[in-house]
Amino acid sequence: MRIFKDVFTGDEMFSDTYKMKLVDDVIYEVYGKHVTRKQGDVQIDGFNPSAEESLEGTDEAVESGVDVVLNHRLQETYAFSDKKQYTLYLKDYMKKLVDHIEKKNPDDVNTFKTNMTKVMKDLLSRFKDLQFFTGESMDVDGMIALLEYRELDGDSVPVLMFFKHGLNEEKC
C-alpha cells in the first residue's frame, strides 16, 4: 500500500486503496464513497480488523461521510467564502510548490505550470460546487484538497482532488 502525504505538513492525505486517476500529470482524482460506521472505525479495502476489536462494546457513536475523508482524518475548512479568496491562497501555494519542484525535479516546472493553469481554470469555473479539506493538522499553509460530487454511472460519487507535486508517496 502507498500513502500520500502533504510535502509541507506531513499530513496523510490518501492512500492507493481507492480508485484513482492522474489528470494532466498534476491532479490526482480519488474516488470515494459515502459510508456509515462506528466512530473511529477505519475501513480500508484489504484490512481485516482483529477479533478483539469486534468484541468491543456497542455504545459508540456513529459517523457518516466520505470514506477517504474519514479514514485519513481530513478536516473540512470554510476558509474560502468566494473564488477570490481561494485564488489568493492558490497563488501563494503554487509559488511554494514551484519552489519545491525546482529543488526536487527542475525539469517538471514548465509542465507543471502549463498543466496546472489549464486544470485550475476548469476547477475555478465550478468553484461553487467544491468543498475544501486540509490534512489532520488543519494547517492551511499545506495542501487544501478539493471535493466535488460527480454523476458516474447514475450515482453521485464524491471525487477528491489532490495536487500531485504537493505529495510525497510512501510505501507501507
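Which strands does helix α4 (residues 109-124) lie across, and at about what angle does helix α4 run to β10? The legends below start with the whole chain and then get to that helix.

**Figure 1. The whole chain, with four helices and 11 strands.** This is a predicted model, so to speak for a local feature a pLDDT of at least 70 is needed, side-chain atom pairs count only at pLDDT 80 or more, and totals for chains, interfaces and linings use all residues. Residues are numbered from 1 along each chain as its sequence is written, and side-chain values use heavy atoms, with hydrogens and water left out. Helices (H or I, at least four residues) and strands (E, at least two) are DSSP runs, numbered from the N terminus. Buried residues make up 41% of the 172 residues in the protein chain; buried means under 20% relative accessible area, exposed over 50%, and partly exposed in between, using a 1.4 Å probe and protein chains only. Of the contacts (heavy atoms within 4.5 Å) with a separation of 6 or more, 65% are between residues 24 or more positions apart.

**Figure 2. The open sheet of six strands.** Reading across, the order is β3-β4-β10-β9-β8-β7, with antiparallel pairing. Two strands pair if DSSP finds at least two bridges between them. At the edges sit β3 (19-23) and β7 (75-77), each pairing on one side only. On average, neighbouring strands here are turned by 35° against each other, direction ignored. Zoom in on β4 (residues 27-31) and β10 (residues 155-163) and you'll find five bridges in the antiparallel sense. Val-30, for instance, has Leu-160 in β10 as its bridge partner.

**Figure 3. Helices α3 and α4 against the strands.** Here's the reply to the opening question: α4 lies across β4, β9 and β10, running at about 140° to β10. Helix α3 (residues 83-104) lies across β8 (131-134), β9 (145-152) and β10, at about 50° to β10. Axes are lines fitted to C-alpha atoms, for helices over the stretch in contact, and angles run from 0 to 180 degrees between N-to-C directions. The buried residues of α4 are Val-109, Phe-112, Asn-115, Met-116, Val-119, Met-120, Leu-123 and Leu-124. They pack against β4, α3, β9 and β10.

**Figure 4. The largest nonpolar core, with 42 residues.** Such a core is a set of buried Ala, Val, Leu, Ile, Met, Phe, Trp, Tyr and Cys residues joined through side-chain atoms within 4.5 Å. Phe-14, Tyr-86, Phe-162 and Phe-163 touch the most other members. Elements giving two or more residues are β2 (12-15), β4, α2 (67-71), α3, α4, β8, β9 and β10, and α3 gives the most, with eight. Leaving aside neighbours within four places in sequence, the contacts of Phe-14 include Tyr-28, Val-30, Val-68, Phe-162 and Leu-167.

**Figure 5. His-165, in the loop between β10 and β11 (167-171).** Is His-165 buried or exposed? His-165 is buried, with a relative accessible area of 11%. Not counting residues up to four places away in sequence, His-165 touches Val-7, Asp-25, Val-26, Leu-97, His-100, Ile-101, Asp-108 and Phe-112.

**Figure 6. Salt bridges, of which the whole structure has 10.** A salt bridge is a side-chain nitrogen of Lys or Arg within 4 Å of a carboxyl oxygen of Asp or Glu. Arg-2 meets Asp-16 at 3.0 Å, N to O, linking strand β1 (residues 2-6) with the loop between β2 and β3. Arg-2 also meets Glu-169, at 2.8 Å, N to O. Glu-169 lies in β11 and Arg-2 in β1, so this pair ties together parts that are 167 residues apart in sequence. Lys-5 and Glu-170 meet at 3.3 Å, N to O; Lys-5 lies in β1 and Glu-170 in β11, so here the parts are 165 residues apart. Arg-2 is partly exposed at 27% relative accessible area, and Glu-169 is partly exposed at 43%. Elsewhere, Glu-29, Asp-122, Arg-126, Glu-148 and Arg-150 are linked in a salt-bridge network.
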